[in-house]
Amino acid sequence: MADLTTANVKSTAVQSFYEGLISPNDRVITDVCQYHDTDAAALRIAALTGIGDPTAWSGDLPTAAVSSTGAVTANYAAYGLSVELNPYDIRDIPDLVSMSAMKLGRSVANQRAKLAFALLANLFDDTAGTADGEGVCANTHTTAAGTNRSNYMSTALDISSFSAAITKIRQWVNFQNQAYDWADVKKYLIVPPALEQIGRQILGSPYQLTTVATSGAPAQGLMNTSGLYNTELIVNVYAADASDWALVAEPAFGNPFHFWDRAKPDFHVLVEDQDSLKTKLRVTYASKAIAGPQPDGVMGASVS
């Protein structure tokens with residue numbers, strides 16, 4: 001018989017729920033996405049496209065207005081679940097309350113992580129939030145001058161394509177055509193499970209072979225510089241495509257990915273419902289993951 005009474009069932013359930021909540025790898029929410037917990041009916045994310053370079057002056061200072069062109073609005077979605085446990089099942093199955101609470105916590109963490117990873121899986125098709133109506137990663141993102149800039153690639157992940165992405169990141173310009181180099185800022189290489197080993201080799205191997213000898217002579221190579229660009233690997237276990245990959249700047253620099261908790265997970269335990277005598281484990285929260293409005297801080301490769 002489970003060692004549970006009405007005196008300890010609540011504390012047991014609460015502890016197990018939060019152990020379950022933090023056990024899955026949902027760090028994408030705060031490590032990769034720009035995280036918001038604003039208490040509002042909707043979240044307005046500004047594009048901040050109106051501030052260009054300072055100009056020469058000798059009298060009154062030139063002015064620049066903060067433009068709202070391309071700003072996006074996030075509307076939250078509410079989520080919830082109630083797990084009902086029969087009092088005799090609790091007696092018959094040891095640790096049923098704690099195991100159910102932990103599983104509920106893991107389910108919440110899993111669903112929230114999927115919201116964030118879905119943004120990264122939809123880099124090339126999500127046009128709803130970008131200011132210019134292109135996908136988050138595209139060849140034809142416009143600038144204030146009307147020229148195009150590209151944060152899109154199509155080459156398979158290897159040392160050469162990673163280096164090519166770093167070069168494009170070095171040369172990136174923002175909407176105002178200002179140099180926006182983010183090659184040295186903290187960034188994440190986001191890969192599906194099928195590319196995990198390649199990603200670890202790129203970032204962790206000290207050498208890159210240039211010739212492989214077959215006649216007994218020593219192989220030759222160069223230093224692999226990929227690990228010098230402040231990059232950490234994150235595996236997207238929810239990825240449906242086994243070939244696509246992306247580099248994403250940390251939130252402190254800025255990137256197009258936002259995660260908003262309108263209401264953080266709220267867990268309640270109802271011990272012995274007065275009508276059914278069941279123990280009920282309930283969780284509610286309201287969140288939204290959204291991309292936009294500017295494509296700064298991300299480079300994506302769609303590999304066919």
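Rings of Phe, Tyr and Trp, the last represented by its six-membered ring, are taken to pair if their centres lie within 6.5 Å. In the predicted model, Phe 17, Tyr 18 and Phe 267 form one aromatic cluster on this basis, and the count of aromatic pairs comes to nine. One of these is formed by Tyr 79 and Tyr 285, whose rings are stacked, at 5.3 Å centre to centre and with 20° between the planes. This pair links distant parts of the chain, since Tyr 79 belongs to strand β4 (residues 77-85) and Tyr 285 to strand β14 (residues 279-291), 206 residues apart. Tyr 79 is partly exposed, with a relative accessible area of 27%, whereas Tyr 285 is buried at 7%. The ring of Tyr 285 also has the charged end of Arg 112 over it, 6.0 Å from the ring centre.

For Phe 124 and Tyr 152, the ring centres are 5.7 Å apart and the planes stand at 85°, so that the pair is edge-to-face. Because Phe 124 lies in the loop between α4 (96-121) and β5 (141-142) and Tyr 152 in strand β7 (residues 152-153), the pair ties together parts that are 28 residues apart in sequence. Phe 124 counts as buried at 19% relative accessibility, and Tyr 152 as partly exposed at 27%.

In helix α6 (residues 196-204), the buried residues are Gly 199, Ile 202 and Leu 203, which cover an arc of only 85° around the axis and are therefore on the same side of the helix. Gln 197, Gln 201 and Gly 204, on the other side of α6, are exposed. The buried residues of α6 pack against α5 (159-170), β8 (187-191) and β11 (231-235).

Conventions
Residues numbered from 1 in each chain as written. Predicted model: local features only at pLDDT ≥ 70, side-chain atom pairs only at ≥ 80, totals over all residues. Heavy atoms only, no water. Buried < 20%, exposed > 50% of the residue type's maximum accessible area, 1.4 Å probe, protein only. Helix = DSSP H or I, 4+ residues; strand = E, 2+ residues; numbered from the N terminus. Arc of directions from axis to C-beta. Contact = heavy atoms within 4.5 Å. Phe/Tyr/Trp six-rings, centres within 6.5 Å; stacked < 30°, edge-to-face > 60°. Lys NZ or Arg CZ within 6 Å of the ring centre and 35° of its normal.
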